[in-house]
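The entries follow the sequence and the model.

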Amino acid sequence: MSGDQAYDELGARLKEFEGRPAAVAGVGKDPVNTAMIRHWCEALGDTNPAYTGPDAVAPPTMLQAWTMGGLTGHRGRTGAYDELLGLLDASGCTSVVATDCEQEYLRPLRPGDEVTFHTVIEEVSARKTTRLGTGYFVTTRMEVRVDGEPVGTHRFRVLKYAPAPRAPRTPRPRPVVNRDNAGFWRGVAEHRLLIQRCTACGTLRHPWLPGCNSCGGPDWDTVEASGEGTVHSYVVMHHPPFPAFDPPYAVALIELAEGVRMVSNVVGVPYDKVRIGLPVRLVFRRYDEELTLPVFEAVDR
């Protein structure tokens, strides 16, 4: 049997669960109460006066909070939902991610209300292929009541899927090494940052060049940088994304203590904390078995 046939057969079996109850006569573990309302509002920074005082109501978006079973679950839960998830697990759809929810509010909940609920498996989608992997969207619908009166509806949708195989990580691009800059990269291999120095006028230069910009002299030697520097300018890369990099990240023009500038990454500090004038220090970071690059880490001063 091909993989597509197996998935089609699984999809047909999953569809049979639509309309079956996932929880019957469920009861909220706690009545609606001011303590939970207060914690919710503090966590979300919601200062609406409707949620405090003697006539307080619960924030409508707390609807699900009053029905959650915690680590021990609810006594009213049926085996249908567990059976459904078990079939998906057995087929290789072992991962799950919540995708969205929809809520409808029919009346405000007030401290002292005791909620009951009934949950049904509303829909199982056809097989879907997403960036995460291939699987099925499963939607449940919960009807919430107080004293038999409907107060709200909560739909919750998850994707149960078989994780897509991860593509091998793209290696970082390799530097272009030529006869003009080979000495610089030999220094990097030895964890030394070498700066060219014109032997005629003593001017330091970076990047490496075949001749001096100041006097035109062709002869040069090198000095080893101390590694101390500051951020002269920077950009934060968000887009376009490159496979070998994880945006956002900071790319900076570093002014070395010796007076020359070079482009590199700033590490050891969040990208949004990089600032002009930030003191940095040279480190050599190994990215794979073949590539080591000079980068700069932020220095606390």
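I looked up Arg157 and found that this residue counts as buried at 18% relative accessibility, where buried means under 20% relative accessible area, exposed over 50% and partly exposed in between, with a 1.4 Å probe and protein chains only. The model is predicted, so I noted that local features need pLDDT of at least 70, that side-chain atom pairs count only at pLDDT 80 or more, and that totals for chains, interfaces and linings use all residues. Residues are numbered from 1 along each chain as its sequence is written, and side-chain values use heavy atoms, with hydrogens and water left out.

I then checked the partner of Arg157, which is Asp100: their side chains meet in a salt bridge at 2.4 Å, N to O, the term standing for a side-chain nitrogen of Lys or Arg within 4 Å of a carboxyl oxygen of Asp or Glu. This pair links distant parts of the chain, 57 residues apart, with Asp100 in strand E2 (residues 95-105) and Arg157 in strand E6 (residues 149-163); strands are DSSP runs of at least two residues, numbered from the N terminus. Asp100 itself is partly exposed at 30% relative accessible area.

Next I looked up Arg107, whose side chain meets that of Glu149 in a salt bridge at 3.4 Å, N to O. Arg107 lies in the loop between E2 and strand E3 (115-124) and Glu149 in strand E6, 42 residues apart. I recorded Arg107 as buried at 19% and Glu149 as partly exposed at 38%.

Finally, I noted that the structure holds 18 salt bridges.

Definitions and conventions:
Helix = DSSP H or I, 4+ residues; strand = E, 2+ residues; numbered from the N terminus.
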